[in-house]
Amino acid sequence: MNALPDPTSAPSEPEPLAVARRSAPHDSAVKQVQGAAQYIDDIREPAGTLHVAPGYARSAARGKILDVDLSAVRAYPGVVAVLTAADIPGTNDCSPSIGGDPVLATGEILFHGQVVYAVVAETREAARKAARLGRVDVAAEPPAVDVEAAIARNSTVLPDYTFVKGDPAAAIDAAPVRLSGTIRVGGQEHFYLEGQAALAVPMEDGDLLVLTSTQHPTEVQHMVAKVLAIPDAAVVAECRRMGGGFGGKESQATQWAVIAALAARMTGKPAKLRLDRDDDMIMTGKRHDMRVDWMVAHDGNGRILGVDVAFLARCGYSADLSLGVIDRTMFHADNAYDYPAAHILSRRLKTDTVTNTAFRGFGGPQGIVFTERMIDALAITLGRDALDLRKQNFYPRSGGTTPYGMTVTDNIIHELVDELERSSDYRARRRAISAFNATSRVLKKGLALTPLKFGISFTLAHLNQAGALVHVYADGSIMVNHGGTEMGQGLYIKVAQVVAEEFGVTLDQVKITATTTAKVPNTSPTAASSGSDLNGMAAKVAVDKIRGRMAEVAAGIFGVPLDEVRFADGRVFGGNQSLAFGELAKKCYLARVALSDTGYYATPGITWNRDTKTGNPFYYFAYGAACAEVTVDTLTGEMRVDRIDILHDCGASLNPAIDIGQIEGGFVQGMGWLTTEELVFDAEGRLRTHAPSTYKIPTASDVPADFRVKLFSSGGNRVDTIYRSKAVGEPPLMLAVSVFSAVTDALTSLKPGVVPPLDAPATPEAIMRAVKAMKGK
């Protein structure tokens with residue numbers, strides 16, 4: 001187990017490498033531009049492929065099923081079969097956790113959009129049209145749709161959970177000043193460009209090949225086997241790439257792959273399921289929305305003495321991944337701030353809506369929105385600049401203890417924020433904005449600089465493992481396979497860079513292959529921003545073993561000690577001699593030396609015990625900060641982001657171009673969540689925003705015209721990650737909280753000293769509600 005890093009000694013700048021730590025294009029970039037990158041629906045369909053479409057009760061969100069009449073469905077031209085729960089030979093459940101997620105509903109309807117039957121037809125059009133003809137009669141009951149309804153019903157999917165640090169009740173009671181508030185944080189639709197899709201192909205001996213757009217091929221393999229009552233080894237799940245995932249294909253991709261596999265098993269023919277966009281949005285989970293009730297005690301000058309916060313999360317009809325998601329909300333209820341005493345409560349509330357699930361940040365963003373709202377409220381009521389208050393409450397440079405008992409040993413937030421404050425010209429812009437607002441009656445500007453501290457690792461300890469398989473062929477070409485999936489984030493190219501670096505060859509010698517359970521078993525989901533940390537290390541372990549054997553052969557050829565053999569520039573050196581890498585590979589083959597091996601890596605130091613609330617849930621923290629400037633029209637509620645400055649910590653970046661792209665994309669996705677993307681459920685539990693006509697994701701025109709992104713020069717990660725890099729997939733999304741805080745700042749100018757009652761997302765309607773409240777209308 002690695003020792004904890006010394007917080008007082010920053011590492012020196014990492015040495016340059018030949019292939020890794022350099023910018024390289026995404027491995028699919030050219031193919032994507034050409035339209036040649038294959039996704040599930042692009043794969044040439046095997047002869048006789050059938051198409052599957054789900055059917056559901058369109059009239060109710062909750063109630064007992066009285067009757068299901070599928071006669072019109074079966075009679076529709078082109079329909080081959082109609083699947084119901086009665087056709088499932090194994091377990092009718094595809095839950096990633098404690099159960100309660102039926103593949104096909106039976107007995108009762110738990111949410112509007114729940115699949116009751118699946119139509120298998122000769123064409124997709126026939127399947128979709130036939131699916132609308134089913135009649136599902138339901139004894140409808142009033143659904144619990146929102147947090148308040150779930151509280152009134154005292155309905156939860158999991159027990160309540162609490163962190164306590166110090167004596168928060170005493171600290172709050174004894175404090176000279178207390179402040180409280182409530183904020184509602186909205187959910188978010190994943191809106192991946194490639195919808196949920198799977199193609200199941202029957203193989204010999206009853207086996208199945210399932211091509212699936214998933215972040216978790218092993219879970220697809222396991223669930224297909226469980227539902228069909230066959231061994232895991234009889235199912236191969238494969239994914240070359242996804243057209244986006246964002247957490248929405250971690251557990252939610254499984255049901256559709258299972259239904260396609262069931263259709264293939266029942267008919268003996270290949271079966272493909274691709275959800276229509278409306279069905280995709282209605283039937284799949286979202287980011288958890290929640291109500292956050294909070295109280296903070298301070299010393300009168302803004303120094304926090306105690307915090308009491310309750311996260312009331314709407315989880316939907318089942319647990320899905322809500323245990324881990326809401327735990328991570330709690331883990332990030334401190335963000336970068338040191339609470340001397342804290343009481344952090346979470347309630348996982350059960351509603352009669354689609355089960356909420358993983359989404360980029362996995363609950364952390366909701367915790368950070370609360371934290372920054374609390375800091376903004378303190379600053380507003382005290383008449384102080386919010387940045388000064390933030391810096392005043394940071395964890396000490398030397399560390400500190402979180403509300404969950406982990407010691408912060410790698411704190412660089414002070415240096416990072418100081419640098420961004422200077423480079424963004426924060427103080428001069430603050431003065432200019434104050435002057436502008438003093439003379440502008442309608443347009444109001446806002447400015448905010450918010451920090452980020454985000455824990456990296458799966459908090460479920462056993463998921464922190466990865467495997468890889470590496471082959472070196474006799475001509476010197478290399479193939480790499482690992483358990484991570486590619487959803488556009490650049491994982492494949494980063495792992496390929498690691499392999500090329502370790503073998504001392506160019507990147508074009510490394511062949512990237514599709515993630516498949518046939519090559520690397522028992523994989524973890526590609527999530528928690530840990531893809532490169534885990535799979536990069538696993539690939540390096542495999543390469544080290546092969547290279548070690550190759551080096552022994554080279555040492556014999558060159559007549560030099562083993563430690564003098566060096567792999568670089570496509571050659572292998574020893575003394576004054578060298579061989580091309582391919583030449584050595586051929587000599588190794590002739591000498592009967594193995595040129596293939598597996599690598600396995602388990603993250604050290606993850607000791608979190610949820611029951612005892614002890615240990616470390618994270619290997620390290622990623623840090624960042626963003627400064628946002630906005631203009632708000634107080635007559636219409638429209639808002640424009642004028643400028644963004646981001647400084648983000650990627651350690652020693654494996655691929656700076658990819659990482660900057662991840663920062664930009666994550667930020668814009670977070671900005672959408674907090675400003676334009678609003679999920680609306682009606683009183684009957686039906687999602688009303690289930691298409692891009694009503695659900696507004698950011699477009700190219702929403703990207704700030706002045707968008708400045710820079711990687712922080714930290715000297716590399718202080719723990720032993722792959723080449724001292726840091727995770728980058730999720731943390732940048734939370735930098736967009738700066739935009740929400742900037743909107744709050746703009747509205748504050750309407751009535752200084754009063755906290756605007758602004759909830760997230762800050763849509764024009766939400767902004768106008770806050771404006772009217774501030775003006776007393």
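Is Gly490 buried or exposed in this structure? In this predicted model, Gly490 has a relative accessibility of 0%, and it therefore counts as buried, since buried means under 20% relative accessible area. Gly490 is found in the loop that runs between strand β18 (478-482) and helix α14 (491-503). Leaving aside residues up to four places away in sequence, Gly490 touches His26 and Ile658. Gly570 stands 80 residues from Gly490 along the chain, and the C-alpha atoms of these two glycines are separated by 24 Å.

A pair of aromatic rings is described by the distance of the centres and the angle of the planes. For Phe331 and Phe618, the ring centres are 5.3 Å apart and the planes meet at 75°, so this pair is edge-to-face; the cut-off for that class is over 60 degrees. The pair links distant parts of the chain, 287 residues apart: Phe331 belongs to helix α9 (residues 322-331), whereas Phe618 lies in the loop between β24 (596-602) and β25 (620-633). Phe331 counts as buried because its relative accessibility is 0%. Phe618 also counts as buried, because its value is 1%.

Phe331 and Phe618 are members of one aromatic cluster, which is formed by Tyr161, Phe163, Phe331, Tyr404, Trp608, Phe618, Phe621 and Tyr623.

Charged residues also meet aromatic rings in this model. Arg610 lies over the face of Tyr161, one of the cluster residues, at 3.7 Å from the ring centre. The charged end of Arg566 sits over the ring of Phe573, 4.7 Å from its centre.

Definitions and conventions: Residues numbered from 1 in each chain as written. Predicted model: local features only at pLDDT ≥ 70, side-chain atom pairs only at ≥ 80, totals over all residues. Heavy atoms only, no water. Phe/Tyr/Trp six-rings, centres within 6.5 Å; stacked < 30°, edge-to-face > 60°. Helix = DSSP H or I, 4+ residues; strand = E, 2+ residues; numbered from the N terminus. Buried < 20%, exposed > 50% of the residue type's maximum accessible area, 1.4 Å probe, protein only. Lys NZ or Arg CZ within 6 Å of the ring centre and 35° of its normal. Contact = heavy atoms within 4.5 Å.
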